[in-house]
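Here's a quick tour for a first look. Have the sequence and the 3D view ready.

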Amino acid sequence: MDNQQQAIAELTTTIEAVAEKKSQRKFARDTGSIKWEPKAKPQHAIIQTAFAKKLAKDLSYAHPEPVRIEGEAGGGKSLLMRQVAHQQIDCQRGTNALTCPNHTTVNGFIGMEMRDLTAEMVPVEKKDGIGLEPVLGVLSREVERGGSFGFEEINRAPNEILGRLMHLMDFKFRGWDLPEIRRHDFPVHKKFWFWATNNPAGGQYATNNLDKAVAGRFMQTIRIKPEELLCDEEAVVSGILGDDAELTKRVMHFISDLRLSEETKVDTRRVCMFATLIMRKMDVMDAVRTCVASHVDASQETAVITVASAHFTNK
């Protein structure tokens, strides 16, 4: 029996066990998908796990030195970092972040050019004619005012950009060079904080191994394992579903069953999306088909729908 057949057999066993357990329960209705019955006004609140709170505290010790979180997509890395940065940085200074797509040239970076991050000289009208004045890019503005700047998916960024960041990330002797405006001593605010996130290199991600010289400049690099949840999913789902305890329980049991197999695992973001569709009054099984089953390996779609049927249909 090959690995795929074994996985299907294991999932089938799980389906049969779940179906047997569900058949012993009493349902509010005789047929069809169960319905959403909110007890309170739905709310989208992010509730951290104890692990996430500990991680946030650990990250705060590094400020203002650069930090990086690596982990699978959809687990809440960026949200956690934004929250930590917001707590560490004066709100008036603000936080900013950009996501790096998989481009190899600076000009392809989010439709931006390097000067959009750093600075440029632009023509302005003056009393005695046209002159040039420096205009700071989005990163340089945060460097100057002491905000935070996050590079999400940093291991997708072009080498030209990573090379420019090295001086800014230096331990204790950081600086920021802006040859675009003839400034090689641009002051770095003492509170400025550079942070980054990334998915693991390789696998199904269009990512690369991060340059060793860049990676070595992060004071902290934290790798989050798939089983280490940053979000209290059950509490969040309950909030989205308006404290419908029965449906929340079924959603979480469904997700737990899917996570028994590597081929049908879903991330926290997908769990929240699924609950949101239900909250918007979409039929539960339709939400399963379009939001969950369609995002696992194609060979497992039918199995996912079968598992969902055991959880969400009345029999």
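How many aromatic pairs does a search of the whole structure find? The search turns up six.

## What you're looking at

This is a predicted model, where local features need pLDDT of at least 70, side-chain atom pairs count only at pLDDT 80 or more, and totals for chains, interfaces and linings use all residues. Residues are numbered from 1 along each chain as its sequence is written, and side-chain values use heavy atoms, leaving out hydrogens and water.

## Rings that pair up

Rings of Phe, Tyr and Trp (its six-membered ring) pair if their centres lie within 6.5 Å; planes under 30 degrees apart are stacked, over 60 edge-to-face, and the rest tilted. One of the pairs is Phe-149 with Phe-151, edge-to-face at 5.4 Å centre to centre and 75 degrees between the planes. Both Phe-149 and Phe-151 are buried (under 20% relative accessible area with a 1.4 Å probe, protein chains only; over 50% is exposed, in between is partly exposed). Ring pairs also join Phe-149, Phe-151, Phe-194 and Phe-218 into a cluster.

Then there's Phe-274 and Phe-312: with centres 5.9 Å apart and planes at 65 degrees, this pair is edge-to-face too. Phe-274 sits in helix H10 (residues 268–279) and Phe-312 in helix H12 (residues 301–312), so the pair ties together parts 38 residues apart in sequence. Helices here are DSSP runs (H or I, at least four residues), and strands are too (E, at least two), numbered from the N terminus.

## A tucked-in asparagine

Look for Asn-199 in the loop between strand S8 (193–198) and helix H7 (212–215). Why does Asn-199 count as buried? Because its relative accessibility is 3%.
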